[in-house]
Amino acid sequence: PSLAALRAFEAAARNLNFTKAGEEIFATQSAVSYQIRILEEALGVPLFTRARRAVVLTPEGKKLLPAIQRGFHEIEAGIASLQPARMKRSLNVGLSTYFAAHWLSRRLARFFRENPDMQLRLQHPETSEHLDRGDIDIGIFWKPVGWKPSSGVNAALLFEAPVTPVCSPSLNRPPHALRVPKDLRKHVLLRDEVTENAWNDWLALAQIEHIEQIPEMSINDPNVYIQAAIDGQGVALADNLVSDEIRLKRLVRPFDLEMPGYGYFVAWKRDAQKHEPVRRFKEWILNEERTSAKSVGRQQPTATAPERRQSC
């Protein structure tokens, strides 16, 4: 398959949207669709399931995506190794598109004012395992409070993030208004790989049985996941990073039941502590959250992961 087809697939699979993929690689939506079709024909397997308003990766597509991303990362690393010494203060930061858009983005200007010689490359791995493979230098991951990373990786709790269901105001209306948790049976549960276990924990906390009978839709990209809730496609499980959407009445919290036990962690390879860009970014982001917590009077987390609390 051509490199153009592989690049189009990687962008489309990451965004789960051909139009956004086209904008990213400077191509039209139809050009992306054409490249995907060429790739599917070359491989002899479907890579996407096309629906009216969305595309979803097939099992074959999910298997292919990380392999292609590793390949592109190797190419980028090889090119970076040829850059002059003045370009070496770069840092690969792994985080979800959701955290980048709802927390980090608005704070990055301060980071660059304090660190004008630094370059950040934001990547969006699905799991913290990318630290083990060396794809990223430092990452921010949503995990159960008390998460213990793999050997050779250190982690510090950035802040706790309790979760509760959210949905579009248009969805929360008679005759299917969400008054009690059992009303979720009348709606579609939006799931992604990150919140899969948390949804099950929240439903158990709400004493909802036979959850396998509730209709579901799985969305891999966390930003698309939240946008689907805003568009009224179903009910998502979200933390307080959607406060702007709540304030603007794009989303509502139909229930008061909030489940603790989850939060955002900063994680880095233990031997990377000697790498100055890792140390500087780690210290900056932890201090940034401490400053934010003081400004709103929020209780600050401990610097290391505490023991996990029970959900109920």
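These legends describe close-up views of a predicted model. Local features need pLDDT of at least 70, side-chain atom pairs count only at pLDDT 80 or more, and totals for chains, interfaces and linings use all residues. Residues are numbered from 1 along each chain as its sequence is written, and side-chain values use heavy atoms, with hydrogens and water left out.

**View 1. The largest nonpolar core holds 78 residues.** F9, F48, F99, L184, W202, Y264 and F281 touch the most other members. Helix α1 (residues 3-15) gives the largest share, six residues. A nonpolar core is a set of buried Ala, Val, Leu, Ile, Met, Phe, Trp, Tyr and Cys residues joined through side-chain atoms within 4.5 Å. Helices (H or I, at least four residues) and strands (E, at least two) are DSSP runs, numbered from the N terminus.

**View 2. L184 and its contacts.** Residues up to four places away in sequence are not counted. L184 touches L178, L189, W199, W202, L203, I208, I214, V235 and F255. Contact means heavy atoms within 4.5 Å. A second, separate core has nine residues, including F141, W147, V153 and L157.

**View 3. N172 sits in the loop between β7 (164-166) and β8 (189-191).** N172 counts as buried because its relative accessibility is 19%; buried means under 20% relative accessible area, exposed over 50%, partly exposed in between (1.4 Å probe, protein chains only). Leaving aside neighbours within four places in sequence, N172 is in contact with C167, A177, L178, R179, V252 and P254.
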